[in-house]
Amino acid sequence: MTGVDGSEAALRAVRWAAGEAVRSERPLRLVHACVPPGHDYPNLEVTAAEVREAMWATGTRRLEIAAEVARTSEPTLEIEAETRTGDPRALLVDESWRAAVVVLGSRGIAGGGRLLLGSSGLALAVHGHCPVIVVRGDRTRSGPVLVGVDDWGGSAAAVRFAFLEASTLGVPVTVLKTWREIDPGGSGGAREFFLRSLEKHIDRVAAEFPHVVSECLVVKGRPGRVLMEYGERAGLIVVGTRGDSGFGGLLLGSVDQGSSGRAPCPIAVVRPGVVPAFGIRDEEPLSVKGERR
């Protein structure tokens with residue numbers, strides 16, 4: 001499902017969603033939200049009913065343009081479109097009940113290393129019932145799916161979604177974990193500890209996708225900087241929403257004051273529980289006491 005607001009960013013999201021729908025053999029649903037006026041406009045000699053009619057006509061036209069863009073990109077795609085009345089954020093969250101993925105347009109990355117989702121994207125990241133993919137720019141290069149991992153409980157759904165996408169796209173998966181704690185025994189020891197723990201979890205997921213090539217990376221550094229660096233070579237970035245100082249913190253707070261720039265590719269945000277996750281065993285943590293992610 002894709003939200004349509006008439007912007008170029010939304011149309012870029014429509015193109016991306018069209019390809020996603022065809023690859024996954026699903027129809028594409030386009031939705032436009034009309035926010036109803038709360039009163040008449042006597043000074044403008046126009047009634048609320050007239051405003052609603054004009055807004056509805058505009059929404060219908062925007063959906064027609066979006067459908068044309070989708071069909072130009074994927075001629076065989078099955079498309080349905082609907083104009084709905086209400087707050088776009090609430091409508092998109094409601095639509096997410098019936099969607100496999102919600103795709104939106106965005107401007108990129110905010111200052112301080114925060115991923116800029118916009119109000120609708122943030123609402124979906126927090127309250128949505130399926131993964132949300134935020135598309136920025138028109139870069140369509142092929143690359144691995146990059147998934148950032150914090151604690152396993154908050155990242156299992158994101159990892160599974162990353163493997164699902166990679167299987168559909170025919171690309172490998174890169175699983176990335178960062179840490180910032182000073183290692184008394186030397187950085188090599190910390191890296192090996194985290195890598196062994198990460199690989200143990202990832203092996204269970206990878207077994208479900210034998211045709212997807214995967215690698216695990218553990219990198220010492222700030223999550224925002226590391227994600228953008230490795231994201232330059234990715235075709236899709238996947239993150240979870242849990243954690244206020246790791247990859248999840250990129251969505252809801254500042255985790256890296258030194259990171260700036262633009263999101264290099266589409267970004268998928270996956271809440272725990274919205275994608276069937278594999279068994280999580282608490283006795284095999286990905287982090288140790290005192291770790292600052």
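Tutor: Start with Asp 94 and Arg 98. They form a salt bridge, with the closest N and O atoms 3.3 Å apart. The term means a side-chain nitrogen of Lys or Arg within 4 Å of a carboxyl oxygen of Asp or Glu. This is a predicted model, where local features need pLDDT of at least 70, side-chain atom pairs count only at pLDDT 80 or more, and totals for chains, interfaces and linings use all residues. Residues are numbered from 1 along each chain as its sequence is written, and side-chain values use heavy atoms, with hydrogens and water left out.

Asp 94 counts as partly exposed, at 28% relative accessibility. Arg 98 is exposed, with a relative accessible area of 54%. The cut-offs: buried is under 20% relative accessible area, exposed is over 50%, and partly exposed is in between (1.4 Å probe, protein chains only).

Asp 94 and Arg 98 also belong to a network of salt bridges.

Asp 87 is partly exposed at 33%. Arg 89 is partly exposed at 39%.

Another pairs Arg 23 with Glu 20, at 3.3 Å between the closest N and O atoms. Both lie in helix α1 (residues 8–23), three residues apart, about one turn of the helix. Helices here are DSSP runs (H or I, at least four residues), numbered from the N terminus. Arg 23 is partly exposed at 35% relative accessibility, whereas Glu 20 is buried at 7%.

How values were computed:
Helices (H or I, at least four residues) and strands (E, at least two) are DSSP runs, numbered from the N terminus.
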